[in-house]
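Welcome! Take a moment to look at the picture before you start on the points.

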Amino acid sequence: MGAAFDTIAFKASLCDGCGDCMKTCSEVKGGASRLAIVPGAKEGGFELAICRQCGDPKCVQVCPSGALAKDGDSGVIGWDAQKCVDCLLCTAGCAYAGIAVDPQAARVAKCDQCDGDPACVKACPTGALEWRRAGSLYREYGDKEDLFVPGLSGCQGCNSELIMRHAMRKIGRNSVLATPPGCIPGMGSVGYNGKTGTKVPVFHPLLTNTASMLSGIRRYYDRIGRKDIVVMALAGDGGTADCGFHAVSGAAERGEKILYICVDNEGYMNTGMQRSGTTPYGSWTSTTPVGEHLKGKTQDAKNLPLILTAHKCRYVATASTGYMEDLYEKLDRAVEASFEGFSYLHIYSPCPTGWRVPSSKVIEACRMSVDSNFVTLWEYTNTAGLRFTRSPDNPIPVVDYVRTIGKYRHLDAGQLAHIQAKVDEQVALLKLMAADSPSPPAAHRAPGGGEAPAAAGSLSGPLRQEIARN
Amino acid sequence: MSDVKTGKVIVCDGNEAAAWGACLSRPDMVAVYPITPQSSLVEYLAEFIADGRMSADLMDVEGEHSVLSVLHGACLAGARTYSATSAQGLAYMFEPYFRTPGLRLPMVVSLVTRDAVSPTCVWGGQQDAMTVKEVGWIHMYCETQQEILDTIPIAYKVAEHPDVMLPVNVNHDGNYLSYGVARVELPDQQVVDSFLGEKNVNWHACLDPERPMAVDPLTGGSGGVGPATFVRYRKGHCAGMQAALSVIEEAHADWGRRTGRYWSPLIEEYRMDDAEVALVTIGSMTGAAKDAVDEARLDGRKVGIVKIKTFRPFPVQRVAKALSKVRAIGVVDRAVNFGWNSGPVYQEVLAALYHLPVRVPAMSFIGGLAGADITVEHFAGVVDRTLRLAAGEAANGPVWLNEND
């Protein structure tokens, strides 16, 4: 899948310029800090000067002694002190001020990402610095078999295809996949007239009975001793939250051992962008239009994952394609949990067509939805309770997110205030649940994300170990 | 016959008889949701499983829609499956019910027939089953408790036959049969085992990582191979239904050889040899009809009965042939065909009669709705009216048998 590498990411909006990162780098590495927090273009703001570990590094090109070289495995541009002739051309060659000069040693000092565990990120108290592992994740999954054919006809910019392909790469061939009517089969996963787009057993359940059909499949395979098959759905929000909810709720109540992934694009997008129970307040849809009398949806969205926690499921989690590391970790845990009980993963996935978002802005929209708490990232198990996997503290205003989405273009100040109040209310409720949960909130790193949760081990029970997976 | 083993004899109602029929057929999965007058049937199943008499997985699900849906999943994974429902349960089940035969899933589901809401009622009638007659399931109607028990293994044999591969409803009348008690002989398990043989329910369509395939991709449309592909499925479904006619006969004969009980597989002709007029009946009403015909015969009136056992596929040739020699026909229904202002079986019989070179006058009688009795006296009235029809009195109707009860 080409070269992709992990990286230190910087979110200027969270940086307060405390300098802890520089201090830590200096201590850990000895001498000058390899990164610098500098005043930003925006009044009172800050920017980060650090080696970007460029794919086409100018520093390497200008180095006359061959002291700088990009490592093919880690992507880090390494500096060889033995070869360096201290000409400092690299510091001038870098457009990002990414290579520092240690004034005392009079030598260059550049970031080596601490061998994949950067000290600066751990020192950052606000979450402005983040260690993003998407690169190695993409490379890892790039090597696995893609279980869908090329050329699925999803809309440009839609994340459903990304979710499908990556989920099935991870899960593999020993699976049975339900894709109820919606965008996912609409783009050809089950297929048309005798031809299929999927390499694993796949089927259209009815829109209304996905969880029930999966229950029957799982029970029979358990009965005949084939307990290692992942029995799963890639469903939409309408079939899950509305007309198929009886089946989801029933299967959850019975503790059926299935993996139910709901890809939530906030409406019936495949049929032309109609309102669903998960469509947020204020949204334009084709059945909640905007005109003189109507101003979009007048009710709040049903919080489906939260409802599932009330079923005491083995596992419930939310995820966003804006934060793939988090999504991947939850997918792993969701698959494991599906051998022990009902396992539900709710992935928020914008619809560029129906939300009126440019394809190029979809991932950005995902990130802003999380950063504003419009979408919260958390997980729940029936033994460890609920915990955030990404801190909801210090959110950006919801209006900043909402303004990027065309379906909210018409919102007035009152509607915006309603949305902000609802988001705050939801977060307050989740915080109460997290505080009430057996696993201490301190177990996860605040405020960043991406670290393996302390509770993950609770799913690796004896039953799980008995199951010999392929 | 010497190789027939007589089983244990019990006294039970029709719902228990159905549960025994299911138990002896060894389904892998039973999904249940209670509804009057079916409830005791699923309670018996749960009891059998609890007591270890039956080894099926019991799926207590949240409604009939999921009853059939979990069984769809199980069947596609390879399970033999069973359930039962009535009226509103069937209505709620309709979405997956509609899909079952198209997937060619060889399931067996008992319909404990009941009249449909509204008016709100919980009593026997055949409006539920008759309303779904065009969905593509095989429908067999039973007359007695013993026939219910015996027809369920027969239904599996038919459903799972490779030339058929269609779901079967084994129907018995709510109240009269569901709660009515009679002597019933239980066949030995090994008799049923050897009758049914090994199951193979998903050779044609399965959800199995060892045989990956896409089940039910979008099919049809106006372009490419769509139209022809869709027609191929529908035509195949019709061919399966037609093939079922002979398979049903063979299965009943095979069952008879093993148990000594030979049930009429498609239609039963009762005292039809020299009959001048015929009644057409379906289900448990036939018992009262037979008594009425016997009495009429004592008076020298030549009346016979054609009882429909297999309603879908409709045994057109058999019905036409059986009725070819009579001069008038009275068809008694326990349901209403609103579009034709008659009973539904009546319309089926009229369509079959079109295959005859002569026009035989017929009349529609409707009775037994919402738990009402169709008594011997009612049938005596039907006999009288049908004889008058044969004598030249104009047809009218439908005649509502319980209108003045």
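In this predicted model, 23 residues line the second largest pocket, and A:Pro280, A:Ala301, A:Asn303, A:Phe374 and A:Gln426 lie nearest its centre. The elements that each give two or more residues to this lining are α11, β14 (343-348) and α16 (413-436) of chain A.

**The pocket**
- The largest share of the lining, six residues, comes from α16(A).
- The space in this pocket is about 440 Å³.
- On a 1 Å grid over the protein atoms alone, a pocket is an open set of points where a 1.4 Å probe fits, with protein on both sides within 12 Å along at least five of seven lines; lining residues have an atom within 4 Å of a point.

**A buried lysine**
- A:Lys297 sits in the loop between β12 (259-264) and α11 (304-309) of chain A.
- The A:Lys297 side chain does reach the backbone oxygen of A:Thr279, at 2.5 Å.

**Helix α10**
- In α10 of chain A (residues 245-254), nine of the 10 residues are buried, including A:Phe245, A:His246 and A:Arg254.
- After α10(A) comes A:Gly255, with a positive phi near 70°.
- Helices are DSSP runs (H or I, at least four residues) and strands are too (E, at least two), numbered from the N terminus.

**Reading the model**
- Residues are numbered from 1 along each chain as its sequence is written, and chains are lettered from A and ligands numbered from 1 in the order written.
- Local features need pLDDT of at least 70 and side-chain atom pairs count only at pLDDT 80 or more, while totals for chains, interfaces and linings use all residues; side-chain values use heavy atoms, leaving out hydrogens and water.

Technical notes:
A polar contact is a pair of N or O atoms within 3.5 Å; within protein, one must be able to donate a hydrogen and the other to accept it, and residues adjacent in sequence count only if both atoms are side-chain atoms. Grid points are joined across faces, edges and corners, and a volume is the space filled by probe spheres set on the points. Buried means under 20% relative accessible area, exposed over 50%, partly exposed in between (1.4 Å probe, protein chains only).
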